[in-house]
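Subject: Structure handover

Hello,

Here is the structure we talked about. My notes follow below it.

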Amino acid sequence: MSVGNVDGKTFAGMLLTGAHHLANNAKTIDALNVFPVPDGDTGTNMNLTMTSGAKAVQDTDSEEVGVLAAAFAKGLLMGARGNSGVILSQLFRGFAKALEGNEDLTAGKLASALDAGVNTAYKAVMKPVEGTILTVAKDSAAAAVEKSKTEADPVELFKYVVESAKQSLSRTPELLPVLKEVGVVDSGGQGLVTVYEGFLAAMTGEELPAEVQHGKMENLVSAEHHKQAQDFLDTADITYGYCTEFMVKFEADKLKENPFDEQAYRQELDGRGDSLLVVADEDVVKVHIHTEYPGEVMTYSQNYGSLINMKIENMREQHQAIVGKKEKQQRNQHAIVTVAMGDGVKALFESLGATIVISGGQTMNPSTQDIADAIKAANADAVYILPNNKNIIMAAQQAAEMAEVQAFVVPTKTIPQGMRSLLAFDSSHAAKANQEAMTDAISQVKSGQITHAVRDTTIEGVEIKEGQYLAILEGKIITTASEAEEALELLLEQMVTDEDELITVIRGEDAESADDRLESFVEDKFPEAELEIHEGNQPVYTYLIAVE
């Protein structure tokens, strides 16, 4: 690197070192997190976001700054987690846009790119709040623009950027009262300073600091004996309890009926929660929102396409876990532990009332210990366990026997059985009555799956060729087909009768978009039945089907 430019190799090193430095300090940053809610995950979310961006850089062969910046920004967007992660992705989205076509990076280009990133990030946030990562980004970018008028060396310029970012960070408690009350700087702003410190270390070749220092306010360390920032706030102060993130993959047929307007969409979601971030390009829209009803937000969003990369976290539970009050809080009367694979299936179970969803299924069965840990974490007098797979029932029974509370295994063997059983739960009923009702509900739904064969074989008289799609009804293969949609139609013809009222289809991670064909088929063959289609993102099964 010569004075006046940063080459692509050095630039890639900046991005990777920034991610590395953030990863090393994620827990320290988590401990500062009190805004917008004290859920203690800012460092973790920013780290996951940066890790995704860094991987995209490592997978890029080009040594052009513009190409590397674009890959980094795309990686950040796809992996963005939490408020701070989405804002970080937008800072570098604008940053990358300003560097399109550039082979290297001058001081002037660097300053302009930082400023462009700030403009993009502010547009993405519905209600920008000063005293946060946005403020630190804005102040340091403004300093860069001013400094670039007299400084041509990008290294010297960025030293000034880092120092300006630190000064801005130290002022955040004056701008955001909750920070001053607790005695910390903004966690997202600290995360950005940490990233910038990594950038500078790669530019200068100097060693990274062992750990960040700006978040360690004196009163927090000494007087409070390392008390975490979240301890100063009450869980009851969290108005909207679920941190909800997802992406909508646009679908042309849905956009014909419901043209997507980013501003109108943002306005609609703004009435359903807070901490809203909406970011759209030509293919997808990414959403982050704190809401009390995640299912409603996602259902509305399906007007524009299919849901992918869904994540819902209970922020009240996160906060309670951090401050160590789980055992002190009032124990719940009931809780439901269920097993599922796929972000969409997990979200469906949570929207139906599941307390804890354990990741597992056909190809990854949870252990007895996994289920026992979930029973304990549920913190309830009575816990109902829905295995949703015949191979998990025994482990669930063993975990129930180990439990120190009432634990009931409802022997669900499929995802549709688990969903139907959940609907039978009634919090006003006694534990034993609930167990009986949930078990009885299993017989009220028919379960089907579509998957593909991995080898040639013959099972129960059905000849199967590798690559064919298998139609499975209640665990038995009934037919095969060369395409998934045909197999689905053949299966529905066997499953649905005149008495059935509802057909639910859950699309797997490898399902093609063929909603029009399915809707037409159901309307023609089963006009009295209602069809619901959900994005499950589950592996192995192209489609899961429930008929009742």
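A contact here means heavy atoms within 4.5 Å. By that rule, residues 24 or more positions apart account for 71% of the chain's contacts with a separation of 6 or more.

Some ground rules. This is a predicted model, where local features need pLDDT of at least 70, side-chain atom pairs count only at pLDDT 80 or more, and totals for chains, interfaces and linings use all residues. Residues are numbered from 1 along each chain as its sequence is written, and side-chain values use heavy atoms, with hydrogens and water left out.

Overall picture. The chain has 22 helices and 16 strands (DSSP runs numbered from the N terminus: H or I of at least four residues, E of at least two). Of its 548 residues, 54% are buried (under 20% relative accessible area; exposed is over 50%, partly exposed in between; 1.4 Å probe, protein chains only).

H16 (residues 343-351) and H19 (residues 415-423) have axes that come within 10 Å and cross at roughly 20° (lines fitted to C-alpha atoms over the stretch in contact; angles run from 0 to 180 degrees between N-to-C directions). So H16 is roughly parallel to H19 (angles under 35 degrees). H16 contributes Val-345, Leu-348 and Phe-349 to the contact; H19 contributes Ile-415, Gly-418, Met-419 and Leu-422. Six of these residues are nonpolar, one is polar and none is charged (Ala, Val, Leu, Ile, Met, Phe, Trp, Tyr, Cys and Pro are nonpolar; Asp, Glu, Lys and Arg charged; the others, Gly among them, polar).

One residue. Asn-119 sits in H6 (residues 107-124). Its relative accessible area is 41%, so Asn-119 is partly exposed.

Best wishes

Note on methods:
Parallel < 35°, antiparallel > 145°, perpendicular 65-115°, else oblique.
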